[in-house]
Amino acid sequence: MLNVGKIEEGFVLDHIEAGKSLEIYHHLKLDKLDCTVAIIKNARSNKMGKKDILKVECDINTLNLDILAFIDHNITVNVIKDGEIVDKKELVLPREIHNVIKCKNPRCITSIEQELPHIFVLADEEKEIYRCKYCEEKAGTSSTW
Amino acid sequence: MRHLMNPLDFSVDELEKLFDLANKIEADPAKYAHSCEGKKLATCFYEPSTRTRLSFEAAMLNLGGKVLGFSDAASSSAAKGESVSDTIRIISCYADICAMRHPKEGAPMVAASRSGIPVINAGDGGHQHPTQTLTDLLTIRSLKGKLGGFTIGLCGDLKFGRTVHSLINALIRYQDIRFIFISPEELKVPDYITDMLSEKGIPYEEVIRLENCMPQLDLLYMTRVQKERFFNEEDYVRLKDFYILDKEKLSAAKEDMLILHPLPRVNEISVEVDDDPRAVYFKQAQYGVYVRMALILTLLELA
């Protein structure tokens, strides 16, 4: 059994679908932050069988986790302070997402314009529908994929 | 600095001001003949569109301005692989305002985000064609005296027709509008539009034959039913005549009904209808010039 020590301040992202932790690591831009990160893959889970966990030691005000709501609603976000869980953060769908998914419309300008970011804007919060900022092609969150 | 990407970019109040200006131009064009002296319009057309491009050019020339541009991608730097972002930065050095048509959806929006001058979307793929919608609204307002309080029939290809979708979205901002969608099953208006109308409590009906609803209509917006949209030729042959407006079908219409069409017309309106006072589709093209003149003045802050 692998043991990873507890963190003093930061986040523990639990119940990540097994194999998805590295993708989330990149979407949260953790590679650009100078902080301690533990990536635990294929941990045993009663609920999921296997799961991934991310532990991030950082100032809890520095990390924007909204993108997690778009990627996977089921992730549990534990907020840690002084080594204890002080809160379970509720995820809110971000208004805009940048370069997380690509527009699938072959007629969209993103298919030819160099280095144009793929931006999706939240069009319907209730139905979890995003639309491409440029061509309005529809895209849903992971729960609608 | 403002751009026009979508017909809904302007509020109802802003549209009223724009249409008032267009009507003033219509009433006294000479007064505006020098309003844009010293200004240049760039028409960047990455795909051919004779009518829209000439309408923009006529609008700028009527205002005393000058025009420059290209009329297909092959004769532009896009053929060498230049991005829209780079092209608009260059055009911003040459002109004061730009009308852009592009086959890729969202291209004018990318241009607007990098531009030093106002950009008008002159059509981007199957996405938006806002100046057509403004033309339709101005025509209705000028000839009916109001935008609202009428039953409008939209006839033909309601599935793929972007002008129809834009017009519906623009009209629902006005009071007391009832829609009748006249199309074959294959070309029905998309569900997301009927769902949206139901949610907003806006009345609509869907019918297969034009004759079934003609007496109810205050406005009839015709579009072309294209053969290639049908799964088989048999269905096309069976249905196409339902969507051709001729004198006989028109005989059941109200005396003051207006017939609109975004043009080009192929055969969906018989030539015999052209002389009927209710046929206003050529006037509509004239209103297209007035509304583009008003738009250029507004975006250049010369209004």
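The centres of domain 1 and domain 2 of chain A, taken over C-alpha atoms, are separated by 24 Å. These domains span 10-89 for domain 1 and 96-144 for domain 2, with bounds that come from an automatic or database domain assignment. The model is predicted: local features need pLDDT of at least 70, side-chain atom pairs count only at pLDDT 80 or more, and totals for chains, interfaces and linings use all residues. Residues are numbered from 1 along each chain as its sequence is written, while chains are lettered from A and ligands numbered from 1 in the order in which they are written.

Where the two domains of chain A meet, six residues come from domain 1 and five residues from domain 2; two residues are in contact if their C-beta atoms, placed from the backbone, lie within 7 Å. On the domain 1 side, helix H2 (residues 67-71) of chain A provides the largest share, three residues. Helices (H or I, at least four residues) and strands (E, at least two) are DSSP runs, numbered from the N terminus. By residue class, this side of domain 1 holds three nonpolar, two polar and one charged. Here Ala, Val, Leu, Ile, Met, Phe, Trp, Tyr, Cys and Pro count as nonpolar, Asp, Glu, Lys and Arg as charged, and the others, Gly among them, as polar.

Strand E2 (residues 36-45) and strand E3 (residues 49-57) of chain A run antiparallel and are joined by eight bridges, strands being paired if DSSP finds at least two bridges between them. Within this pair, A:Lys50 in E3(A) lies opposite A:Arg44.

Along the principal axes, the C-alpha atoms of chain B fill a box of roughly 55 × 45 × 40 Å. Of the 303 residues in chain B, 46% are buried, that is, with 20 or more other C-beta atoms within 10 Å of their own, C-beta atoms being placed from the backbone.

Between the chains, the contact draws twelve residues from chain B and twelve residues from chain A. Helix H3 (84-94) and helix H4 (107-114) of chain B are the elements that give two or more residues to the chain B side, and H4(B) gives the most, with three residues. This side of chain B comprises four nonpolar, six polar and two charged residues.

How values were computed. Buried ≥ 20, exposed ≤ 12 C-beta atoms within 10 Å, placed from the backbone.
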